[in-house]
Amino acid sequence: MPNLEHSAYPAATLLRLESLVPCRESQVSMLLSIFGERQQFSFPSIFIYGHTSSGKTYVMQTLLNTLQLPHVFVNCVEHFTSRLLLEEILIQLQNRSSETKQAAHVPCDTFNDFVRLFKQAVVSQDLQDQTIYVVLDRAEQLREMEANILPAFLRLQELTDRNVTVVLLSEIVWELFRPNTGCFEPFTLYFPDYSIGHLQKILCQNHPPEYSADFYAAYINILLGVFYMVCRDLKELQHLAALNFSKYCEPVVRGEANERDTRKLWKNIEPHLKKAMQTVYLREISSSQWERLQHDEGEAGQLKGLSAHAHVELPYYSKFLLIAAYLASYNPVRTDKRFFLKHHGKIKKTNFMKKHEKTSNHLLGPKPFPLDRLLAILYSIVDNRVAPTANIFSQITSLVTLQLLSMVGNNDQLDGPRYKCTVSLDFIRAIARTVNFDIIKYLYDFL
């Protein structure tokens, strides 16, 4: 029995819609209830929000196209000014029917002009008896436009006196949209992140026909087991699944294992998934280059061209700042005296180690540190005197922008900002070599 039911649409259409939007049946059912029938007045404005890759854009496009509802779909990043946005809506509305000839471009400078031209377009397209849906994707860009644009879109049904619903799609919550002067409140609908079960179900739909569904499901299960903690972006996971599947199939193709021999398949794919984990989201090389590297047995332990971020060019003091940040993240606070004070006396390492500290700090991950500790370590490891100028602080901001450091907590903390170093040991060793600094001598884990 289908989950989607609506008296205004045929059961076959709803069944096809349900197959196209897996794991989003409850949100689609809610939207169908709000939309009602074609000729009925719908809610004036709907605000749909959720994290990236939660299916907002895809679900809206699929829903409107499958049910063949008159709509306009505009990306607010591509049309970044109010004039471009308003004109694009009118162009799409005037040219939506293939029977009508291409409409001449009409300039639209103000929202008053838009309301007038919108009414004319509705009459010319014979849409007076149907709900028209104006979907604005990446709607957070509306906050950068004139102050009247967002409130006017929310009340477009009232201003035009036409059956029109404006749908805003965004990655941020409505509270960050609401103007201080107040506005018409839209109906809000939240799209939650896909769970691991949802991701497995969606990714398994793309299985190649030459392999069984169970075989591909086992591969997706392995893929999610490796990447789910670091990446939940559906598009990125689809890319990774397509990129690494040929390597997973190699033992089966060579006849060394069958489809049910999961242990051999896992041992074959494990090193390649670990290498792929280092470059999630980066796209430093193309898919074809990646496949060539996978087949290159010359350097099995290293991926050529995949470590370009290890050779990033930084200013001289930025390199020392990054080294200091790494030391602050991976060394316990009480070891600073041992490493950075010249006359600290004789301190045995056994005095530092306790039973519960046998775990390596590198396995536990980077710890946050305050700004004053970062600067104190910087002054200790740089030979010449460094004044705490605005240039040094701006370089810290640049490292955060480059995502080599991350800021922990809020900017308005009374005790100052706290940071965390996000680079790997290999990366920081490569940086340290460029300034002739032996970082291993200053890391507590390597004493």
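**Close-up views of a predicted model**

**View 1. Contacts of L425.** L425 touches Y326, H362, L443 and F446, leaving aside residues up to four places away in sequence; contact means heavy atoms within 4.5 Å. L425 sits in helix α19. Helices (H or I, at least four residues) and strands (E, at least two) are DSSP runs, numbered from the N terminus. Between L425 and Y326 lie 8.7 Å in space, C-alpha to C-alpha, and the two are 99 residues apart in sequence. The model is predicted: local features need pLDDT of at least 70, side-chain atom pairs count only at pLDDT 80 or more, and totals for chains, interfaces and linings use all residues. Residues are numbered from 1 along each chain as its sequence is written, and side-chain values use heavy atoms, with hydrogens and water left out.

**View 2. Helix α13 against helix α19.** The axes of α13 (residues 316-330) and α19 (residues 425-434) come within 10 Å and cross at roughly 140 degrees. Axes are lines fitted to C-alpha atoms, for helices over the stretch in contact, and angles run from 0 to 180 degrees between N-to-C directions. α13 and α19 are therefore oblique to each other. Angles under 35 degrees count as roughly parallel, over 145 as roughly antiparallel, 65 to 115 as roughly perpendicular and the rest as oblique. The crossing of α13 with α19 is left-handed; that is, the near helix is turned anticlockwise from the far one by less than a right angle, while clockwise is right-handed. From α13, K319, L322, I323 and Y326 meet L425, F427, I428, I431, A432 and T434 of α19. This contact of α13 with α19 has eight nonpolar, one polar and one charged residues. Ala, Val, Leu, Ile, Met, Phe, Trp, Tyr, Cys and Pro count as nonpolar, Asp, Glu, Lys and Arg as charged, and the others, Gly among them, as polar.

**View 3. Helix α13 against helix α18.** α13 also packs on α18 (residues 390-401), at an angle of about 65 degrees and with the axes 10 Å apart. α13 and α18 are therefore roughly perpendicular to each other. Their crossing is right-handed. Y317, S318, L321 and L322 of α13 make the contact with I392, Q395, I396 and L399 of α18. By class, the contact holds six nonpolar, two polar and no charged residues.

**View 4. Helix α2 against helix α3.** The axes of α2 (residues 25-35) and α3 (residues 56-66) come within 11 Å, crossing at roughly 50 degrees. α2 and α3 are therefore oblique to each other. The crossing of α2 and α3 is right-handed. V28, L31, L32 and F35 of α2 contact V59, M60, L63 and L64 of α3. The contact residues are eight nonpolar, no polar and no charged.

**View 5. The second largest pocket.** Its volume is about 550 Å³. The lining has 28 residues, with S53, S54, G55, Y58 and K235 nearest the centre. α1 (11-20), α3, β4 (164-170) and α10 (234-253) each give at least two lining residues. The largest share, four residues, comes from α3. By class, the lining divides into nine nonpolar, 12 polar and seven charged residues. On a 1 Å grid over the protein atoms alone, a pocket is an open set of points where a 1.4 Å probe fits, with protein on both sides within 12 Å along at least five of seven lines; lining residues have an atom within 4 Å of a point. Grid points are joined across faces, edges and corners, and a volume is the space filled by probe spheres set on the points.
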